[in-house]
Amino acid sequence: MLRLNTAPVFIHFPPKGKPKNADTMDIQRIGFGAETIAKWIAERTDNQIRVFRPPNYSGTFALIILFAIVAAFLYLRRNNLEFLYNKTMWGLGALFFCFAMTSGQMWNHIRGPPFIHKTGNGQIAYIHGSSQGQFVFETYIVMFLNGAVVLGMILLTESARGKGDPKKRKIFAVSGLVLLSVFFSLLLSVFRTKTQGYPYSFLFK
């Protein structure tokens, strides 16, 4: 009767008439947290629902533990702090932070999307079909693709420095070109899947 293909579904039945499209909560786009549901109900019925949550000290406790571990580590290594000047370590940390942010980790933290989605015909969707939403697993896919593209660029850069064994530099150049071409094409393919009508592609459609 309701023609539902997925669950859960939140539907508002008005006092008069049939439910419209706006009477079905779009949980794929806005999630289904308590505050989100309360806001949606208020928009549809003008009934205000206040959500009370007990204080959550887990984040503060974890932050204190992290600072304690870092402080203890620095104290034990107080006579040898050369690792703090390691450019490779700081570079890898900066890259990981960029991958996490550009892949949508902050969006996941704010919206709370599902890990994956089961479609109406029983198949599992790992990538959201709209540019207005995403799944958690999709974030990991984009992070991996970005990492592979950056690795290819690093190999190409290292091969062009003009130092070292020519055979090794040639292997670096070919490997970097393959990584850059293949994984950038896959990244572009994911973008085409989420953005209908996008005309450009490279190796894959």
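Is F183 buried or exposed at its relative accessibility? F183 counts as buried, at 16% relative accessibility, where buried means under 20% relative accessible area, exposed over 50% and partly exposed in between (1.4 Å probe, protein chains only). The surroundings of this residue and of several others are described in the legends below.

The model is a predicted one, in which local features need pLDDT of at least 70 and side-chain atom pairs count only at pLDDT 80 or more, while totals for chains, interfaces and linings use all residues. Residues are numbered from 1 along each chain as its sequence is written, and side-chain values use heavy atoms, with hydrogens and water left out.

**Figure 1. Overall architecture of the protein.**
The protein contains seven helices and two strands, arranged from the N terminus in the order α-α-α-α-α-β-β-α-α. Helices (H or I, at least four residues) and strands (E, at least two) are DSSP runs, numbered from the N terminus. The radius of gyration of the protein is 24 Å, whereas a compact globule of 205 residues would have a value near 17 Å; the radius is taken over C-alpha atoms, and the globule rule is 2.2 Å times the number of residues to the power 0.38. Along the principal axes, the C-alpha atoms fill a box of roughly 80 × 50 × 25 Å. Of the 205 residues, 20% count as buried.

Among contacts (heavy atoms within 4.5 Å) with a separation of 6 or more, 41% are between residues 24 or more positions apart.

**Figure 2. The aromatic pair of F115 and F137.**
Three aromatic pairs are found in a search of the whole structure. Rings of Phe, Tyr and Trp (its six-membered ring) pair if their centres lie within 6.5 Å; planes under 30 degrees apart count as stacked, over 60 as edge-to-face and the rest as tilted. The ring centres of F115 and F137 are 5.7 Å apart and their planes stand at 65°, so the pair is edge-to-face. Because F115 lies in the loop between α5 (105–111) and β1 (117–118) and F137 in helix α6 (residues 136–159), the pair ties together parts that are 22 residues apart in sequence. F115 is partly exposed, with a relative accessible area of 43%, and F137 also counts as partly exposed, at 28% relative accessibility. F115, F137 and Y140 form one aromatic cluster.

**Figure 3. The aromatic pair of F144 and F183.**
With ring centres 5.7 Å apart and planes at 80°, F144 and F183 form an edge-to-face pair. F144 lies in helix α6 and F183 in helix α7 (residues 166–194), so the pair ties together parts that are 39 residues apart in sequence. F144 counts as exposed, at 53% relative accessibility, whereas F183 counts as buried, at 16%.

**Figure 4. The surroundings of E138.**
E138 is found in helix α6. The residue is buried, with a relative accessible area of 3%. Apart from neighbours within four places in sequence, E138 is in contact with Y126, I127, H128, G133 and K194.

**Figure 5. T24 and its contacts.**
T24 is placed in the segment before α1 (27–30) and counts as partly exposed, at 35% relative accessibility. Not counting residues up to four places away in sequence, T24 touches V9, F10, I11 and W40. The C-alpha atoms of T24 and F96, 72 residues apart along the chain, are separated by 38 Å.

G33 is found in the loop between α1 and α2 (34–45) and is partly exposed, with a relative accessible area of 32%. G33 and Y140 are 107 residues apart in sequence and 22 Å apart in space, C-alpha to C-alpha. A38 has its place in helix α2 and is buried, with a relative accessible area of 8%. Leaving aside neighbours within four places in sequence, A38 is in contact with I49 and V51. Between the C-alpha atoms of A38 and S181, 143 residues apart along the chain, the separation is 46 Å.
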